[in-house]
Amino acid sequence: MSKNAKWVWLSQKKWVFSWWYVDNISSLYLANQFSPYLRNARLEWQSIIIRNWHNLFATLTAGNYPKWIWTYYRTNSSNDVLVVRHAQDTNKELVTIDTLWNITAIDTSTNILSSNRMTFLNVWDIIYCMNGSDNLWKLNWTTYTTPSTWIANFAPSFWVSFSGSFWASWWSTNPNKLYKSVADSYEDFTWSGSDTYDFEEQIKWLSENDKTLLVFTQNTISTIDLWDFDSTNWIITYKTSKLQTQEWVTLHSTIVTVWMNTYFLSSSNKILRIARWNNMEWFEIAQLSHRKYAWIDEIMQTLDLDQSNSFAYFCQDKNLIKWFVKTQWATFNDLCIVYDITKDAFLIDEQKYFYDWVYFKWYNYTISNIEPKVYKDEYSQTDEGTAISFEYHTKNFYRTDPTYKKVLWEVRTLCFINELATLTQEIYVDNWLVDTKIVDKTDITISGWWLWTSPIWTFAIWEWDIEESDELQELSIIRTKWNLNVIWKKFKLVFKCNSIAWKIKLEDINMLVEQKPWISNSLI
């Protein structure tokens, strides 16, 4: 090693562990070529950490997988339950689940015949149930009854509450018509104050966004503003306006409204955002998945054209939006695309085969796409007893001139792990694997573990307190000249882990590099 060798702190140069998933950076910029590959991770300031697990909450009876999940909030909060559309029996198509895992089947008689995805809407102590085929019914605690005032054969697929009324759309009989109920009378669609709106195409979904109703049709997005109406003889008639006709929604369940913005998966498998302009009088539609320098268009191209089972949800405690989608030829949702709103970054999750979601009493509940199971998502330390397969590739680093050869003398990595983690670090030089190091708790001084706890090894394995096992300990991985000492133009690091109940925080990388003199760099 000569005196020309220099230390390079990558965190000071490029924030090495704050990169999100970007699959398509131009090769014209050599320092950015081969952007990071990232699976099952989250961004935490300048670090990368594992994604949270999903924990089994309830197992339903055998049969078809659940068709929808919703919350049932009642006046007496002790009676709040989850409602799941699940064919437990021919006359018990709904079940409720409380926080103590008690499952109660609801007698629905022969009133639910369709296997369509069911949507729900809460109003006081009533929950309305609709699937676009069966007539609209309502659940009053454990009694499944018909609304008192309704249109004959009224079978909407969905509705929202907007401007004191319910706005509903049908699916099979009148797919182009939008119905507005009487104000403050959510079951009345016939008396004075009700209204109908005819659209040129089939309505796909409704979304209420900051005093504006968004109507998604087969090929358009239209708006109905709270203040844009005509009033004659005390009758209010709202006006509709076309917002855009280029990228429309794939499915109603892929739309997520967060604060003043609406996010959705388009029919061409793009993720877009509808946001108000600064003057609050109009909207703009921006592409998120196909933006320059932050795009994920390559992974979007792997999605199947049929996204009829896809859905999205907003994880409000972490400011994440998740789209659960199918890749090409898949038969169920096998990929999760995560958008971090705060950091404006995309991430990729795997091993979460979900079909629907709801937020209930501070937790995110999901249902399986392939099994009769209900989960808590972003919770606990077990994916039903299986490990999360974590993998992160840094980008290729061409320190100094990318055409010059260098010698990589030493690489130092700073990370934090818990006692259950086994982390593999690989170093690639010009696409060749030159070094592998596996670290776990044996690489940390044992006195750092079990402080103020029971004596070491005096209790059975897996019996320690879970909070204790969450403690992260600092670990430095040092790979020096006898492991490396290779001439290179570019190099990258790969980190992998799939041990159960592990936690890892990747903090920093720095390296000792010596640039070879120009005379030693042969020209072609």
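The model is predicted: local features need pLDDT of at least 70, side-chain atom pairs count only at pLDDT 80 or more, and totals for chains, interfaces and linings use all residues. Residues are numbered from 1 along each chain as its sequence is written, and side-chain values use heavy atoms, with hydrogens and water left out. The chain has 524 residues, and its secondary structure comprises 3 helices and 42 strands.

**Overall make-up**

- Helices (H or I, at least four residues) and strands (E, at least two) are DSSP runs, numbered from the N terminus.
- Of the 524 residues, 52% count as buried, where buried means under 20% relative accessible area, exposed over 50%, and partly exposed in between (1.4 Å probe, protein chains only).
- Among contacts in the chain with a separation of 6 or more, 60% involve residues 24 or more positions apart; a contact means heavy atoms within 4.5 Å.
- The chain exposes about 24,400 Å², of which carbon and sulfur atoms supply 52%; accessible areas come from the Shrake-Rupley method with a 1.4 Å probe, and for residues only the protein chains shown count as cover.

**Salt bridges: count and network**

- The chain has 23 salt bridges, each defined as a side-chain nitrogen of Lys or Arg within 4 Å of a carboxyl oxygen of Asp or Glu.
- A network of salt bridges links R42, K322, D349, K352, D377 and E378.

**The K177 and D198 pair**

- K177 and D198 form a salt bridge in which the closest N and O atoms are 2.6 Å apart.
- K177 belongs to strand 16 (residues 177-180) and D198 to strand 17 (residues 195-198), so this pair ties together parts that are 21 residues apart in sequence.
- K177 counts as buried at 18% relative accessibility, whereas D198 is exposed, with a relative accessible area of 59%.

**The E384 and K373 pair**

- In the salt bridge between E384 and K373, the closest N and O atoms are 3.0 Å apart.
- K373 lies in strand 34 (373-377) and E384 in the loop between that strand and strand 35 (390-393), so the pair ties together parts that are 11 residues apart in sequence.
- E384 is partly exposed, with a relative accessible area of 32%, while K373 is buried at 16%.

**The K505 and E507 pair**

- The side chains of K505 and E507 form a salt bridge with an N to O distance of 3.6 Å.
- K505 is partly exposed, with a relative accessible area of 21%, and E507 is partly exposed, with a relative accessible area of 21%.
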